[in-house]
Amino acid sequence: MIITIGKAHDNDYVADDPQVSRHHARLVSESDGGWFIEDLASTNGTFVNDIQVIRKRVTKSDQIRLGTHYTLSLPALLKAGNDYSEEFAQLKTVYDRYIQEKVRIQSANQFKTRLLQSLPFALPGVIGVVVGFLGKGSPTLFGLSLLITIVAPTIGIYLGAKQAAKIPMQLQALANQFKIDYVCPKCGTFLGEIPWESLLNRKQCPVSSCKAKWAKEAGQ
């Protein structure tokens, strides 16, 4: 991959400055993923960290200067080449966390719902055993047992339904945040619930006005 730099509008990165030549320099990718800045016989020179260079390997922390004062950085140049592969790579964590949290909410709430709904139905049986051992036909204990038999399942159904109602709200809150975080790093378009690996295979944003590169081509 090559990103040309200069004052002329046919460059990938246009630097409109009197000190910058029409075709001043170029950024070249290496097979190991590194980048080199090359001067193209410019009038006022290319500098890396204030040292004039003809060809020099550069990193994100290096300051690149064209002429006496026009400065730029490697990340800025890469954006000129529409390379958003590093930002896109971070979306894998966003997607993985979303799926994990979605599963957790569903499983945790389903367990609580079933527990709340089933335990009250088991309670009358326990009370019946207690009455059989202690009450020996006591009207008071029999009445208490009958009351629990009626009330306990009703309460269980109510609490279970209340717990179940929390699931859509929690999932909606999770989805709302996901729509904010899982977007194209350049244009901000929501990427849906498409797995990150599937999007990586597409290599770039499908939005025609964006086309941000999500993955580097082989050899870049």
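Predicted model: local features only at pLDDT ≥ 70, side-chain atom pairs only at ≥ 80, totals over all residues.

Me: Why is strand 4 called largely enclosed?

Reply: A residue is buried when its relative accessible area is under 20%. Five of the five residues of strand 4 are buried, so the rest of the structure largely encloses this strand. Trp-35, Ile-37 and Asp-39 point one way and Phe-36 and Glu-38 the other, and all are buried.

Me: Why is Glu-38 called buried?

Reply: Glu-38 sits in strand 4 (residues 35-39). Its relative accessible area is 12%, and buried means under 20%, so Glu-38 is buried.

Me: What makes the link between the side chains of Glu-38 and Arg-26 a polar contact?

Reply: Such a contact needs N or O atoms within 3.5 Å, one able to donate a hydrogen and the other to accept it. The side chains of Glu-38 and Arg-26 make a polar contact at 2.7 Å. Glu-38 makes another through its side chain, with the side chain of Arg-55, also at 2.7 Å. Leaving out residues up to four places away in sequence, Glu-38 touches His-24, Ala-25, Arg-26, Val-28, Ile-54 and Arg-55.

Me: Which residues touch the most other members of the largest nonpolar core?

Reply: They are Tyr-13, Leu-27, Ile-37, Val-58, Leu-66 and Leu-77, in a core of 19 residues. Strand 1 (2-6), strand 3 (25-29), strand 4, strand 8 (64-66), strand 9 and helix 1 (74-80) each supply at least two of the core residues. Helix 1 gives the largest share, three residues. Apart from this core lies another, of 17 residues, including Cys-184, Trp-196, Leu-199 and Trp-214.

Me: With which residues is Leu-77 in contact, leaving aside its neighbours within four places in sequence?

Reply: Contact means heavy atoms within 4.5 Å. Leu-77 has such contacts with Ile-3, Ile-5, Tyr-13, Leu-27, Ile-37, Ile-64 and Leu-72.

Me: Which strands form the open sheet, and in what order?

Reply: Four strands form it, in the order 6-5-8-9, with antiparallel pairing. Strand 6 (51-53) and strand 9 (70-72) are the edge strands, since each pairs on one side only. From one strand to the next, the twist averages 35 degrees.

Me: How do you know that strand 5 and strand 6 pair?

Reply: Strand 5 (residues 46-48) and strand 6 have three bridges in the antiparallel sense, and pairing needs at least two. In strand 6, Ile-51 is the bridge partner of Val-48.

Me: Why is Lys-186 called partly exposed?

Reply: Lys-186 lies in the loop between helix 4 (139-181) and helix 5 (196-202). Buried means under 20% and exposed over 50%, with partly exposed in between. Lys-186 has 37% relative accessibility, so it counts as partly exposed.

Me: What does Lys-186 touch, not counting residues up to four places away in sequence?

Reply: Lys-186 touches Asn-82, Tyr-84, Cys-210 and Ala-212. Its side chain and that of Asn-82 are joined by a polar contact of 2.8 Å. A polar atom of the Lys-186 side chain also lies 3.5 Å from the backbone oxygen of Cys-210. Lys-186 and Ala-212 are 26 residues apart along the chain, and their C-alpha atoms are separated by 6.4 Å.

Methods
Residues numbered from 1 in each chain as written. Heavy atoms only, no water. Axes fitted to C-alpha atoms, helices over the stretch in contact; angles between N-to-C directions. Buried < 20%, exposed > 50% of the residue type's maximum accessible area, 1.4 Å probe, protein only. Core = buried A, V, L, I, M, F, W, Y, C linked by side-chain atoms within 4.5 Å.
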